[in-house]
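Open the model in your viewer and keep the selection tool ready. We will go through it one stop at a time.

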Amino acid sequence: MIQLEQVERVFQVGEEKVYALRQVDLTVQKGEYVSIMGPSGSGKSTLLNILGLLDRPDHGVYRLEGMDTTELSERRQAHVRRHKIGFIFQFFHLVPRLSAAENVELPLALAGIEHRRRKGRVAEALERLGLADRARHRPDQLSGGQRQRVAIARATIMKPAIILADEPTGNLDRVSGQDVIATIEELNRDGMTVVIVTHDPELGQRTNRQVRMLDGRIEDDCRGPS
Amino acid sequence: MLIRDASKYALQGLVGQPMRSSLTALGIAVGIAAVVLLTSLGEGVHRYVLGEFTQFGTNLIGIAPGKTSTTGFSGAVISNVRPMTIEDALALRRLPRVVAAVPVVQGNAAVKYRQRSRRTYIFGVGAAAPEVWQMRVAQGRFLPDDDPRAARAFVVLGSKVRTELFGRDNPLGQRVRIGSEHYRVLGVMETKGQMLGFDLDDAVFIPAGRALALFNRESLMEIDLLHAEGSLSSEVARRARQLLIDRHGDEDFTIVTQDQMLEVLGSILNILTMAVGALGGISLLVGGVGILTIMTIAVNERKAEIGLLRALGAGRRQILSLFIGEAIVLASLGGLAGLMVGAGGAWLLEKIVPALPTHTSWRYVLLAEGLACLIGLLAGVLPAHHAARLDPIEALRAE
Ligand SMILES: Nc1ncnc2c1ncn2[C@@H]1O[C@H](COP(=O)(O)OP(=O)(O)OP(=O)(O)O)[C@@H](O)[C@H]1O
Ligand SMILES: [Mg+2]
């Protein structure tokens, strides 16, 4: 499913070169549940952004379902993001003036899907996340956990193959966090590949594969819940 | 993305900032209102002036002595200008397609009846004047078709002269004095009103030959031809020119067809309307700068949202069109408000000041709204381009 070979990402900061990723090799199979951990600045977000085609490696190859993504045009990359990848962010990134339902509907609208085929899908997604009675609320009328669940509904509405979550619980209290993790694990059980960046060791222990990063390198990659 | 969704998204973006959006739209609204109001006034004046000029009929050709060349020298400079005579008018009358020819001499003189006297315009004309100038006789009849070289001393009064001299008395058959001669009143004209500030009712009509003698002139001031409906004015003018050249031996006269005159007048008035419209357009420019400013601010404020849209699968082109769309929606809504204010203002103006003719032309209304959309497009391009160029990761980090 996901195949990184010798991927490098270098940022030029003034005269200096900052290596965010160095010679990263990573293969993730379909349906895996992977956590990425490591100290701040170790390159976790950079890796996730490259996996999500928001960023391009400076060196190396990224193959997604066998297709070399580094060759893709900006348009094709957007198309792949739209149909294959769902993002979940630490800060939710809901559009503040849109209702929960409208936020969830956004990917469908961007993809140009007809109106009559949307409403049902949106309602179903909200229902599944226990937000049916919050559909018309705006983000500022929702709790943090509810906001993140709306974001999860939005990330999954296109039925993507991969879910990329960057510290999804980083901004939530324990209970809401556990709630959100339970939701994400359910998506994984339904067959979605999940890659999750987290600082929370307890959460990291729950995944069946843990990747440890340090200074732009993959330090450790171990399988199976301990 | 469907157009409907894009416009809904743009609208929601604008509604999210109601105060700011309406103030920005106001800038465009003022500009469009100014354009519509000013062009309405321009069109009104245009129609008014053309109406004034065509109230004498539309198949007219005027011939005046002297050659007005394109260099602007008047006939007086040319030494051998022959007088234009009543015989010329009679000859022109016999041309094919010419329905009537009116010799014209005009001057100022006192008209006296008993002790009353009034200085007024004296028109020396022929019997065909009412037909050519589309005037009607209210009472009695117009001058008879006498031999113009020995016309009897008859006069037809304009409606104002009639009331001034005769009050409630019946003027028909009465004798008035013009200069040293007595004239018998044959009729009274219908009220015609003013034409460009020139009171046509404050005038009397006498035979052209007598007017020449009265004002001690050799030459007519003008000959007006009425040509048949449906015949080409330029063709009739060409024949008239040939005839007069044969008679005079030289082209010492100027022919202006009404078609030409209306054309020149129309283009001058069009330029006038355009000019006042352009003046209103300047305020549109200011409104456009307002949109540019607000859209730049909006893009900066909504960086995180732009990053999100990119993450959700929006390409650069989609971001570009979303923000341009928002600018266009903003401008066109402002434009629509401006249209209503402008057209309403023009209508109100005409109701309050009836002397000020206004006419809201669809052509200019559509043009103005199109202009508003164009301004939105132009003002939106730069900020939208900026939005599309944003790095999605940087944009997502902004909060
Ligand atoms: N746009 C950029 N310009 C310059 N340096 C960058 C840029 N983005 C990331 N970096 C650098 O790359 C390195 C990795 O950054 P990254 O955001 O991937 O870390 P992270 O593991 O996600 O950290 P955190 O846990 O704090 O989120 C850091 O040293 C960072 O300073
Ligand atoms: Mg990070």
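How many helices and strands does the secondary structure of chain B come to? Select chain B and colour by secondary structure: there are twelve helices and twelve strands. Keep in mind that this is a predicted model.

**Stop 1: the outline of chain B**

Stay on chain B and show the C-alpha atoms. They fill a box of roughly 100 × 50 × 35 Å along the principal axes. The radius of gyration is 33 Å, whereas a compact globule of 399 residues would have one near 21 Å.

Of the 399 residues, 48% are buried.

Next, look at contacts within chain B. Take those between residues at least 6 apart in sequence: 79% of them join residues at least 24 apart.

**Stop 2: the sheet in chain A**

Switch to chain A and select β1, β2, β4 and β5. These four strands form an open sheet, in the order β2-β1-β4-β5, with antiparallel pairing. Which strands sit at the edges? They are β2 (16-28) and β5 (67-68) of chain A, each pairing on one side only. In general, strands of a sheet pair through backbone hydrogen bonds.

Zoom in on β4 (residues 59-64) and β5 of chain A. Two bridges link this antiparallel pair. Pick L64(A): its bridge partner in β5(A) is M67(A).

**Stop 3: the helix across the sheet**

Finally, select residues 44-51 of chain A, helix α1. This helix lies across β1 (2-13), β2 and β4 of chain A. Its direction makes an angle of about 120° with β1(A).

Key. Residues are numbered from 1 along each chain as its sequence is written. Chains are lettered from A and ligands numbered from 1 in the order in which they are written. This is a predicted model: local features need pLDDT of at least 70, side-chain atom pairs count only at pLDDT 80 or more; totals for chains, interfaces and linings use all residues. Side-chain values use heavy atoms; hydrogens and water are left out. Two strands pair if DSSP finds at least two bridges between them. Contact means heavy atoms within 4.5 Å. Axes are lines fitted to C-alpha atoms, for helices over the stretch in contact, and angles run from 0 to 180 degrees between N-to-C directions. The radius of gyration is taken over C-alpha atoms; the globule rule is 2.2 Å times the number of residues to the power 0.38. Buried means under 20% relative accessible area, exposed over 50%, partly exposed in between (1.4 Å probe, protein chains only).
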